[in-house]
Amino acid sequence: AAGLVGQERAREACGLVVELIRAKKMAGRALLMAGAPGTGKTALALSISQELGTKVPFCPMVGSEVYSSEVKKTEVLMEHFRRAIGLRIKENKEVYEGEVTEITPEETENPLGGYGRTISHVVIGLKTTKGAKQLRLDPSIFESLQKEKVSLGDVIYIEASSGAVKRVGRSDYYASEYDLEADEYVPLPKGDVHKKKEIVQDVTLHDLDSANAKPQGGQDLMAMVGSLAKPKKTEITEKLRTEINKVVNRYIDQGIAELVPGVLFIDEVHMLDIECFTFLNRALESPLSPIVVFATNRGVCTIRGTDVLSPHGVPVDLLDRMLIIRTMPYSLEEIVQIIAIRAETESISIESDALAAMGEIGANTSLRYVVQMIAPARIVAETCGRDVISSDDIEEVNDLFLDAKASSKMLMKSEGYLM
């Protein structure tokens with residue numbers, strides 16, 4: 001279970017959600033994780049993302065991120081929506097691929113006169129397991145080779161249509177050249193030097209938006225100075241997004257591209273206001289929509305921007321669209337298990353009676369507080385000349401620090417003042 005403890009019902013529900021997403025039956029719906037702080041809401045959202053695969057975009061954000069003095073709230077939400085939608089583009093390209101055996105730039109007299117000499121063409125030798133080939137290329141490709149820092153013994157491919165050069169890595173023939181080397185070694189390419197190759201690129205819709213967003217301003221000197229003074233962030237217009245959606249849909253229809261809906265995780269969803277919720281209602285209905293996972297630890301509270309009371313601080317019409325998963329507080333045994341896993345991860349040794357004492361403290365306070373006790377307890381044990389944390393160290397740390405509940409009790413007694 002990748003280190004997840006407890007929350008069996010919530011994990012089973014998340015498993016069903018993953019199956020729904022894979023069957024493409026989750027469109028237009030969202031998921032709401034509701035539970036007390038420290039019950040694993042964010043961990044469950046991450047686990048959904050991991051279960052869907054490494055190539056699926058996962059975009060986390062917090063509700064309060066939408067409040068910016070420079071960008072509209074809906075623009076921030078839209079940007080995150082687009083970041084969470086991936087596009088897998090498959091292209092069949094003619095490429096020259098192989099290990100570089102020769103790079104010889106041929107020089108000629110400068111046609112403009114003077115003492116300088118210019119590169120007329122560049123000769124590159126490439127070899128594969130099947131054979132070798134010598135290519136005579138344009139001087140602009142020599143610049144690309146220099147930018148990619150290509151040297152003899154590197155495996156590269158050159159696109160026949162555009163002349164773009166990509167360095168794949170160092171040939172594994174040279175793997176024993178150095179004892180320590182930062183390069184990635186790749187095997188010698190198979191087949192002919194000149195071949196057709198399927199190239200797969202993973203991009204998000206936001207990448208396409210920002211690549212096509214042109215900075216506004218004229219060509220005169222003042223406009224250029226103004227554009228330097230301004231921050232580089234340009235607002236991506238709705239018109240531009242519509243155009244990109246049309247192109248994306250055309251690619252999908254032609255079978256060139258495949259849409260990969262990712263996961264947008266919005267934590268502290270009660271921090272959003274009524275304008276954001278109205279926008280989310282519309283965005284969830286869009287054909288290009290990711291799987292949205294909300295998380296909140298609030299019960300019945302007011303919707304921000306109104307005086308209306310609503311469960312979880314979310315309007316009822318948006319709650320209707322959600323599948324709600326409840327995360328429950330951890331039991332004593334689960335808390336002990338979590339502390340043991342955490343200590344093992346941090347390479348800290350804890351005695352069994354100390355683990356039991358921490359479990360008791362965690363059951364009375366919170367899991368987060370007791371996990372935070374591990375590091376101070378280790379320092380106390382090391383100060384006493386021990387490598388293993390004992391129950392005495394736990395008691396000492398618990399006396400030194402207060403948890404949130406104990407602190408609030410003290411404040412209630414002192415009527416809000418620390419007297």
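Trainee: What should I know about the numbering and the cut-offs before we start?
Mentor: Residues are numbered from 1 along each chain as its sequence is written, and side-chain values use heavy atoms, with hydrogens and water left out. Since the model is predicted, local features need pLDDT of at least 70 and side-chain atom pairs count only at pLDDT 80 or more, while totals for chains, interfaces and linings use all residues.

Trainee: What is the strand order in the open sheet of 5 strands?
Mentor: Strands (E, at least two residues) and helices (H or I, at least four) are DSSP runs numbered from the N terminus, and two strands pair if DSSP finds at least two bridges between them. The edge strands, each pairing on one side only, are E2 and E15 (322–327). With parallel pairing, the order reads E2-E11-E12-E1-E15.

Trainee: What angle does the direction of H2 make with that of E1?
Mentor: Axes are lines fitted to C-alpha atoms, for helices over the stretch in contact, and angles run from 0 to 180 degrees between N-to-C directions. H2 (residues 41–52) packs on the sheet and touches E1, E2, E11, E12 and E15, where contact means heavy atoms within 4.5 Å. Its direction and that of E1 make about 145°.

Trainee: How far apart are the end C-alpha atoms of H8?
Mentor: The expected span of a helix is 1.5 Å times one less than its number of residues. H8 has 12 residues, so it should span 16 Å. That agrees with the model, where the ends are 17 Å apart.

Trainee: What covers the buried residues of H8?
Mentor: Buried means under 20% relative accessible area, exposed over 50% and partly exposed in between, with a 1.4 Å probe and protein chains only. In H8, the buried residues are Cys-276, Phe-277, Phe-279, Leu-280, Asn-281, Ala-283 and Leu-284. Their cover includes E1, H3, E11, E12 and H9.

Trainee: Is Thr-296 buried or exposed?
Mentor: Thr-296 sits in strand E12. Its relative accessibility is 2%, so Thr-296 counts as buried.

Trainee: Which side chain makes a polar contact with the side chain of Thr-296?
Mentor: A polar contact is a pair of N or O atoms within 3.5 Å; within protein, one must be able to donate a hydrogen and the other to accept it, and residues adjacent in sequence count only if both atoms are side-chain atoms. The Thr-296 side chain reaches the backbone nitrogen of Arg-298 at 3.2 Å. The side-chain partner, at 2.8 Å, is His-270.

Trainee: How many residues are in the hairpin that joins E4 to E5?
Mentor: E4 (residues 117–127) and E5 (residues 132–137) run antiparallel, joined by 6 bridges. Val-123 stands opposite Arg-136 in E5. The hairpin connects the two strands through 4 residues.
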